[in-house]
Amino acid sequence: MDPSDATKDATEAAAAAAAAPRSLFDSRTLSRGNDSGDGRDGDDVDLSARYLTHSALTFNEAFAAIRETASYTNPPAIAAEPLAIAPAASASSARDAAMVVWVNRCQTGNPLLKAVKNVSLEFRDGLVPDYVVNASCCVLFLSVRYHLLHGRYLEERMERVRKDDAAQYKSKVVLCLVDVEDNEAALREINRLALLSQFTLLLSWSWLEAARYLETLKAYENKAATLIKEKVDADFVAQANDVLTTVRSVNKTDVVTLLSTFGSVQGVFSASLEELSLCPGVGAKKVRQLVETFNEPFTKAS
């Protein structure tokens, strides 16, 4: 290549670079020397990044042209709705009120109160029962020792609950603490009084057990009775097992054998002693007990 051509190309490149727009912080415009005369080396000068563009336009001004294009669509309007936030204090107070048992002032000093841990107790004036679990359940507390000293106390309290209290309690409970050894006669009398006054009698042998009864009444106040109801299977074989295994020494294998032989429970009931004896695995003792059970009357003659 001719040296004159190379020189010409270099001159044109330098002229083009000089004509190009430069950033305010273009390092090519910064002097590497120190002109201040303070004696510091020129290498201490901080050279900023090269070709940083500088613009006085805002974001909206810089992108305003996008709205003029055919593909631009306005974003959907979002309506601001106020947030409905329930006060935390009211929710907490409602939750606390749901686990409160009202206590009659006459129960002040009862050791039962110290044993209650899982529900809150609140003294109320004007209560007739000793404890009010909810609008439909109340509790009278009694110890066997106190009943032996004051035989009329329980009867009078139950009479007041039935007549004087404006609230018609659906569930009325006598919570009795058994705190004496010779308690058979006293418990029989307490049970008679509770039965005649349509109260349910709950017996406890410690303060802790009595407290757990009170807590359980509160915890299960809104539960259905089916929660403690016996679970009975709807399957025919399961129901036949429940019926036939009540006969002593008859097991589930014997039930399957009897059903496969006679076809139904009615067929088993109607079978004779000889027919039952032909069933494999059913011995003479089981056959005799089955026949005696099937022919035994429901009521005994007095």
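Predicted model: local features only at pLDDT ≥ 70, side-chain atom pairs only at ≥ 80, totals over all residues.
Visitor: Is lysine 114 buried or exposed?

Guide: A residue counts as exposed when its relative accessible area is over 50%. Lysine 114 has a relative accessible area of 69%, and therefore lysine 114 is exposed.

Visitor: How many helices and strands does the protein chain have?

Guide: The secondary structure of the protein chain amounts to 13 helices and six strands. Of the 302 residues in the chain, 27% are buried. If you take the contacts between residues at least 6 apart in sequence, 59% of them join residues at least 24 apart.

Visitor: How should I read the way two helices pack, and at what angle do helix 9 and helix 10 meet?

Guide: One looks at the angle between the axes and at how far apart the axes are, and for helix 9 (residues 236-244) and helix 10 (residues 252-262) the angle is about 115 degrees, with the axes 10 Å apart. Angles of 65 to 115 degrees count as roughly perpendicular, and helix 9 and helix 10 are therefore roughly perpendicular to each other. Their crossing is right-handed.

Visitor: Which residues meet where helix 9 and helix 10 pack?

Guide: Helix 9 contributes Phe236, Ala240, Asn241 and Leu244, which meet Lys252, Val255 and Leu259 of helix 10. Sorted by class, this contact of helix 9 with helix 10 has five nonpolar residues, one polar and one charged.

Visitor: At what angle do the axes of helix 6 and helix 7 cross?

Guide: The axes of helix 6 (residues 153-163) and helix 7 cross at roughly 15 degrees and come within 10 Å. Because angles under 35 degrees count as roughly parallel, helix 6 is roughly parallel to helix 7. The crossing of helix 6 and helix 7 is right-handed. On the side of helix 6 the contact is made by Leu154, Glu155 and Met158, and on the side of helix 7 by Ile190, Leu193 and Ala194. By class, the contact of helix 6 with helix 7 has five nonpolar residues, no polar ones and one charged.

Visitor: How many aromatic pairs does the structure hold, and by what is such a pair described?

Guide: A pair of aromatic rings is described by the distance of the centres and the angle of the planes. The structure holds three aromatic pairs. In one of them, the rings of phenylalanine 141 and tryptophan 207 have centres 5.7 Å apart and planes at 25 degrees, so the pair is stacked. Phenylalanine 141 is in strand 4 (residues 137-143) and tryptophan 207 is in helix 8 (residues 207-219), so this pair ties together parts that are 66 residues apart in sequence. Phenylalanine 141 is buried, its relative accessible area being 10%, whereas tryptophan 207, at 32% relative accessibility, counts as partly exposed.

Visitor: What kind of aromatic pair do tyrosine 146 and tyrosine 153 form?

Guide: Tyrosine 146 and tyrosine 153 form an edge-to-face pair, with 5.0 Å from centre to centre and 75 degrees between the planes. Tyrosine 146 is partly exposed, with a relative accessible area of 37%, and tyrosine 153 is partly exposed as well, with a relative accessible area of 21%.

Visitor: Where are glutamine 198 and serine 249 found?

Guide: Glutamine 198 sits in the loop between helix 7 (184-196) and strand 6 (200-204). Although glutamine 198 is not a glycine, it has a positive phi of about 60 degrees, and with a relative accessible area of 63% it is exposed. Serine 249 is placed in the loop between helix 9 and helix 10. Serine 249 is not a glycine either, yet it has a positive phi of about 75 degrees, and at 35% relative accessibility it counts as partly exposed.

Visitor: Which residues is serine 204 in contact with, leaving aside its neighbours within four places in sequence?

Guide: Serine 204 lies in strand 6 and counts as buried, at 0% relative accessibility. Apart from those neighbours within four places in sequence, serine 204 is in contact with Cys176, Leu177, Val178, Glu209, Ala210 and Tyr213.

Methods
Residues numbered from 1 in each chain as written. Heavy atoms only, no water. Buried < 20%, exposed > 50% of the residue type's maximum accessible area, 1.4 Å probe, protein only. Axes fitted to C-alpha atoms, helices over the stretch in contact; angles between N-to-C directions. Helix = DSSP H or I, 4+ residues; strand = E, 2+ residues; numbered from the N terminus. Parallel < 35°, antiparallel > 145°, perpendicular 65-115°, else oblique. Left-handed = near helix turned anticlockwise from the far one by under 90°. Contact = heavy atoms within 4.5 Å. Nonpolar A, V, L, I, M, F, W, Y, C, P; charged D, E, K, R; others polar. Phe/Tyr/Trp six-rings, centres within 6.5 Å; stacked < 30°, edge-to-face > 60°.
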